[in-house]
Amino acid sequence: MFSGAALGAGALIVAVLFAVALFLIVQALPTFSAPAADITGGKGFFSYIFPIVIGTLIAATIALLIATPIGVAVALFISHYAPRKLARGLGYVVDLLAAIPSVIYGAWGASFLASELKVPYQWLADNLGWIPIFAGPASSTGKTILTAGIVLAVMVLPIIASLTREIFLQAPMLHQEAALALGATRWEMIRMAVLPFARGGIISAVMLGLGRALGETMAVALVLSSGPLIASLIRSGNQTIAAEIALDFPEAFGLRMHELIAAGLVLFLITLGVNMVARWIINRHKEFSGAN
Amino acid sequence: MATLMTERKRSALTRGRLPKYTPYAIAVSAVIVAAALMALAGFNVFGWAFLAAVLFVVGNVSSSAIVEGRRKATDKLATSLVLGAFLVALLPLISVIWTVLVNGVPGLITPGFLGSSMNGVTGAVDNASVANHTPVMGGVYHALMGSVLITLWATLISVPVGLLTAIYLVEYSDGNKFSKVITFLVDVMTGIPSIVAGLFAAAFFAMILGPGTKTGFVAAVALSVLMIPVVVRSSEEMLKIVPNELREAAYALGVRKWRTIMKVVIPTAISGIASGVTLAIARVIGETAPLLVTAGFATTINTNVFAGWMASLPTFIYTQIMTPTSPSNPDPSTQRAWAAALLLIILVMLLNLGARLVARIFAPKTGR
C-alpha cells in the first residue's frame, strides 16, 4: 500500500507536467482556429506573438550579458579567493539575493533604479545615439527594456553564482595544487585547472539562468513601460510574453484569454527547451567529472 | 648585521618583488587623489568610491607590471576584478533592502496597518488623508490572511506528493527507467515559469468549473506546481544521506519496509526535510505572477479558499503600485505597497532563518 502511494505520487508528478502541457494546448487551440482579423493586432497569431517573443529574448539576453561575468566572478571569489572562514557566510549573502520576492525587485526597479538611470540614458542617447540600440530620444521615466534587463540580471545572478560555485568547488584539488607547485600564480591556476573543468557546468548554469530570465514576470511587468517592438533599448517600448500575460490576463475573457494562454504555451515550450538542454549538459557532465 | 640585511634584500628569491606595504600605500594615495579629482568635478560619495577603486586597481596592476612582470600583474588584475564583481553584486542587495526599509517603515508603523483590510478604503478616503495630513487608512490584514491561507493549502498539497515521490525515488525505485524519467521531469519542472504554472491552474479550473474561476484554491494549486519539485529535490537529497546500516538493522529485526521508512528513515532525515519544506514555503510565498491570474484582486477579508477572490501580499503590492486606490493621490497607495513589501521581506527572511532553526531542532539526537 505504502509503496503504491509512493509510486502514485511519482506518477502524479509526471501526470501534472503532461497536464500542464495538455491544458495549455487545449485552452490555446481556439486561438489557432480563429480568423486572423480577430487576433490582437489583426494579422494573425504569428505576427502577434513574434514581437513579444523577440522582446522576451532581448530582455533575457541583456540579463545574461550582465549576470554571467559577474556571477562567475562572484562564484570564483567565494570558492577560491575569499578566506575560508568567510566563504560560507558570503555564500549565504548571495543566496539572500535569491530569497527576495520578485515583486519587490520590480518595485525597486520601477521606483529607484529607473529614476537613477535616466541621466545615463540621456548621456547614451546624446553621445552614442548613432548606434541603433542607443537611439534617442531617451525615455524620460527610465522605464525601458534595458532597465528591465538589469533588474532581471540581479535576479538571475544568484542562480548562476550558486550553481557555478558548486562546480568550482568540485574541481580536482590535485590539479590545482600541482599547478601552484609548478609556480603558477593563482589566476593561472584557475585558468588552467579550474575553468576548463567547469566549462560544462558554467554553460548549464547560464542556461538555467536563461530559463529563469525568460519566464520572469513581475520585474518586467512593473519596470517596463511597454510598447511595440523597437531596436532602441533606452526608449520605452518592447514587451515580454510573461509581462504581457500578467498585465492583460486578469481582465481578459473570450478569445483574448485563449490568446494569452497560447502565448503562455509558447513561453512554456521555449523555457522547456532551454531547461532540457541545460539539464542534459549537466547530466552528461556528471558522468565523467573528476569529482566522482 | 647590516650587510646581512642588505644581502637578504638582494637575494634571488625576493628580487623583483614589491615591498609588502605597496598595496596599502597605493590604496591611500588612490583615495586621496580620487577625493581631489571629485572635489574639482563636484563631490559625491559613490563617484568617489568608484574612482578610488579604479585608481587603486590601475596603480596596483601597473606598478606590479613594471616591477614584478606580466604574470604577476595579470594575477593582480584578476584578483581585483573578481573582488570588484563581488562588491558590485552586493550593491543591488543593499540598495533593495535600504529602499524597502526607508519607504516601508513609515507605513508599517502606521496604526491599524496590520489589523485592517482595504474594505471601504476608496480614493476619497486617500484624498482626505492627504488633504488633512492624517495617517493613511487601510491595511494588509486581508492580504496577509490570503497569503498565509494560499501558502498553507499549497503546502498541504505539495508536501505529501513531494515527500512520497522522494521516498519512491530513494527507497523503492532502484534507479529504474521510470525513476529517471521522474527525476528529469522534476528538474524540468523547477524551470517552469511561474506565470505558466498560474496559467495551467487557471486553464484547468476554467475547464472544470467554468471560465473565470478565481479562488484561493486555484492559486494554491498553481503554487504547488512550483513547490512540488523543490520539495522532491530537497527531501530526496536528505533521504539519500540516511546511512544504509540503519535500514539494514531494521530489516534484520524483521521490520516491514514501510515501517522502516516511517520509523527509521524519515525520523533520521526529518530535520533536513523540514528545513527544505520551510525554504520551499519561503520561495512560493513571494510568488506574484501565478496569483495575479488565479486569485483575483480582493479588498476585503476572505478566509474561504474555495469561493471568492482572495488578496495576497505580493498582489497587494502589485495592485497598489500599478493602480493606486486614488489615481490623483498615489502616495498613500505607494506607502501601503512599500509597507507590504517590507512585511513580505520580513516574512521571507524569518522563514529562511526558521529553516535553519528547524533543522537544528529536529536534528536526530546523538549520544545519550
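Me: Which residues have the most contacts inside the largest nonpolar core?
Reply: This is a predicted model. In its largest nonpolar core, the residues with the most contacts are A:Val74, A:Ile104, A:Leu152, A:Val156, B:Phe200, B:Ala340 and B:Ala341. The core has 197 residues.

Me: And which domains of chain B does this core draw on?
Reply: Domain 1 (19–108) and domain 2 (141–361) of chain B each supply at least three residues to the core.

Me: Take A:Val74. What is A:Val74 in contact with, leaving aside its neighbours within four places in sequence?
Reply: In chain A, A:Val74 contacts A:Val94 and A:Ala161. In chain B, A:Val74 contacts B:Ala85, B:Phe86 and B:Ala89.

Me: What does the second, separate core include?
Reply: That core has five residues, among them B:Ile26, B:Ala30, B:Ala52 and B:Phe56.

Me: Switching to the contact between the chains. How many residues does each chain put in?
Reply: Chain A contributes 63 residues and chain B contributes 65 residues.

Me: Which helix of chain A gives the most to that side?
Reply: Helix H1 (residues 2–33), with 16 residues on the side of chain A that touches chain B.

Me: How does that side of chain A split by class?
Reply: There are 49 nonpolar residues, eleven polar and three charged on the side of chain A that touches chain B.

Me: Back up a bit. What is chain A built from, helices or strands?
Reply: Chain A has eleven helices and zero strands. From the N terminus on, its elements read α-α-α-α-α-α-α-α-α-α-α.

Me: What box do the C-alpha atoms of chain A fill?
Reply: Roughly 70 × 70 × 30 Å, taken along the principal axes.

Me: What share of chain A is buried?
Reply: Of the 292 residues in chain A, 50% are buried.

Me: And for contacts in chain A with a separation of 6 or more, what share comes from residues 24 or more positions apart?
Reply: Such pairs account for 79% of those contacts.

Me: One more residue, B:Ala274. Where is it?
Reply: B:Ala274 sits in helix H11 (residues 257–285) of chain B.

Me: Why does B:Ala274 count as buried?
Reply: Because B:Ala274 has 22 C-beta neighbours inside 10 Å, and the cut-off for buried is 20 or more.

Me: What does B:Ala274 touch, not counting residues up to four places away in sequence?
Reply: B:Ala274 touches B:Val358, B:Ala359 and B:Phe362. B:Phe362 is 88 residues from B:Ala274 along the chain, and their C-alpha atoms are separated by 8.0 Å.

Key. Residues numbered from 1 in each chain as written. Chains lettered and ligands numbered in written order. Predicted model: local features only at pLDDT ≥ 70, side-chain atom pairs only at ≥ 80, totals over all residues. Helix = DSSP H or I, 4+ residues; strand = E, 2+ residues; numbered from the N terminus. Buried ≥ 20, exposed ≤ 12 C-beta atoms within 10 Å, placed from the backbone. Contact = placed C-beta atoms within 7 Å. Core = buried A, V, L, I, M, F, W, Y, C linked by C-beta atoms within 7 Å. Domains from an automatic or database assignment. Nonpolar A, V, L, I, M, F, W, Y, C, P; charged D, E, K, R; others polar.
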